[in-house]
Amino acid sequence: MTNQSDAASTPLRAIGGLLARVGRGIRWYVHNLMGDSAYETYVAHQRRQHPDQAPMTEREFWRDRMDEQDRNPGARCC
């Protein structure tokens with residue numbers, strides 16, 4: 001005998017799992033779009049490509065990035 005609450009909860013679990021995956025995907029996209037992962041990406045690159053060099057501190061990285069944007073403004077809104 002099948003319990004009706006178990007049968008009803010299976011689609012709900014599937015929908016909940018789908019919503020969780022969509023939420024994680026949106027969070028990842030916004031996180032990367034805003035540049036929040038730029039320092040982590042830089043450190044990973046430095047460790048892979050230049051293991052003999054110490055990476056910049058996070059503060060140095062952001063200062064360098066802002067200075068570079070000031071030197072080469074390109075097409076930005078502000």
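The tour goes from the core to the aromatic rings, then to a loop and the salt bridges.

This is a predicted model, in which local features need pLDDT of at least 70 and side-chain atom pairs count only at pLDDT 80 or more, while totals for chains, interfaces and linings use all residues. Residues are numbered from 1 along each chain as its sequence is written, and side-chain values use heavy atoms, leaving out hydrogens and water.

**Core.** Select A38, Y39, Y42, V43 and F61, the five residues of the largest nonpolar core. Such a core is a set of buried Ala, Val, Leu, Ile, Met, Phe, Trp, Tyr and Cys residues joined through side-chain atoms within 4.5 Å. Buried means under 20% relative accessible area, exposed over 50%, and partly exposed in between (1.4 Å probe, protein chains only). Helix α2, residues 38-49, gives the most to this core, with four residues. Helices here are DSSP runs (H or I, at least four residues), numbered from the N terminus.

Now centre on Y42. Leaving aside neighbours within four places in sequence, Y42 is in contact (heavy atoms within 4.5 Å) with P55, M56 and F61.

**Aromatic rings.** The whole structure holds four aromatic pairs. Rings of Phe, Tyr and Trp (its six-membered ring) pair if their centres lie within 6.5 Å; planes under 30 degrees apart count as stacked, over 60 as edge-to-face and the rest as tilted. Show Y39 and Y42: this pair is tilted, at 6.0 Å centre to centre and 40 degrees between the planes. Next show F61 and W62, whose centres are 5.1 Å apart and whose planes are at 75 degrees, so this pair is edge-to-face. F61 is buried, at 10% relative accessible area, whereas W62 is partly exposed at 27%. Y39, Y42, F61 and W62 form one aromatic cluster.

**Loop.** Select S37, in the loop between α1 (4-33) and α2. Is S37 buried or exposed? S37 counts as buried because its relative accessibility is 14%. Not counting residues up to four places away in sequence, S37 touches H31 and N32.

**Salt bridges.** Two are found in the whole structure, each a side-chain nitrogen of Lys or Arg within 4 Å of a carboxyl oxygen of Asp or Glu. Select R63 and D67: their closest N and O atoms are 3.7 Å apart, and both residues lie in helix α3 (residues 58-71), four residues apart. Finish with R71 and E68, where the closest N and O atoms are 2.7 Å apart. R71 is exposed at 52% relative accessibility, and E68 is partly exposed at 35%.

Conventions: Helix = DSSP H or I, 4+ residues; strand = E, 2+ residues; numbered from the N terminus.
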